[in-house]
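Q: Please take a close look at a single part of this model, and say what it is next to.

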Amino acid sequence: MTLKKDTVPLPEDLRVFLTVIRQHGFAAAAAELGQSPAYVSKRIQILETTLGTRLLHRTSRRTTLTEDGERVQRWALRILDDFVQLHDELADARALPNGHLHLCSSFGFGRNHVAPAVSLLAAQYPDLEIRLDLFDRTVDIVNEGFDLEIRVGDDIPGQHIGRQLVTNRRVLCAAPDYLQRRGTPQTLLELEQHDCLVIKERDNAFGLWELQRGAESTSVRVRGPLSSNNGEIVLQWALDGRGVLLRSLWDVRPMLEQGRLVQVLPNYSQPANVWAVYPTRLAYSGKLRACVEFLQEHFKTLST
């Protein structure tokens, strides 16, 4: 292919290209964009013709980047980010946030807490177009095209900015009938002899609970007959008397107050603060700043 020196790529073609990369294929990209696969194929073909190079290797099973495709991906992200920042500066001038905002979070926290907050955010800023995606895996917010991640846990990637939204800790608890049958553990080591209900979420170590008492941190290996990657399922198992649970205090506080659960080893807990995490390139985004400030105020009611 020969580079067309008198033309430049269209932003829409770059956006389609990045969507194909993120979705690992033309059909999935078309579904996200609300277009036909033929439209996606045409835009990629025009982009390749404009740049005079092949950007993608396509087989019946997958789509991968060529060496030039990797180079164009880096530039496309930068170019479209510049458009976003231009839009944000103009939006700041108009005072009310508007435009697209792409958020992500984990399944349990996202469904129970982030989604209701986003609903209120949309009501306050009706010119914002907000998309919320939920995952049970680690997310690369830059390469996957997200503006903001609402993240539980203090391990913030160094290349990103993190602003704490709310303090949070996980506590140990179990149903009264379980404790009547099996006894109440008095030390962390005794947890190894109990049925512990293990949640496998994202990149957390499975079956390893790291707990703090004051400044002291201790790891305990736990196991039990029941485990899941869904925290709500595991909480229901705990209410059914199936074992000991490690869960966010704001999720179990009503059950503790009602006596349906009893806190175990109350001197121990696990930090699990909630953060807004976003790329450094968006540090001065007006719409992002408005969103984060809104979430900080909203989540004050959850603070422990």
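Within what distance do the axes of H1 and H2 come, and at what angle do they cross?

A: The model is predicted, with local features needing pLDDT of at least 70 and side-chain atom pairs pLDDT 80 or more, while totals for chains, interfaces and linings use all residues. Residues are numbered from 1 along each chain as its sequence is written, and side-chain values use heavy atoms, without hydrogens or water.

The axes of H1 and H2 come within 8 Å and cross at roughly 120 degrees (axes are lines fitted to C-alpha atoms, for helices over the stretch in contact, and angles run from 0 to 180 degrees between N-to-C directions).

H1 (11-23) and H2 (26-33) each supply at least two residues to the lining of the largest pocket, as do H4 (67-94), S3 (99-106) and S4 (128-135). Helices, of at least four residues (H or I), and strands, of at least two (E), are DSSP runs numbered from the N terminus. H4 gives the most to this lining, with eight residues. The largest pocket has a volume of about 950 Å³ (an open set of points on a 1 Å grid where a 1.4 Å probe fits, with protein on both sides within 12 Å along at least five of seven lines; lining residues have an atom within 4 Å of a point). Of its 32 lining residues, Arg-15, Leu-80, Val-84, His-100 and Gly-145 are the closest to the centre. The lining divides into 14 nonpolar, eight polar and 10 charged residues.

S3 and S4 also belong to an open sheet of five strands, in the order S4-S3-S5-S15-S6 and with mixed pairing (strands pair if DSSP finds at least two bridges between them). S4 and S6 (160-166) are the edge strands, each pairing on one side only. Neighbouring strands of the sheet are turned by 25 degrees against each other on average, direction ignored. S5 (residues 148-152) and S15 (residues 274-279) pair in the antiparallel sense over four bridges, and Arg-151 stands opposite Trp-275 in S15.

Note on methods
Points joined across faces, edges and corners; volume = space filled by probe spheres on them. Nonpolar A, V, L, I, M, F, W, Y, C, P; charged D, E, K, R; others polar.
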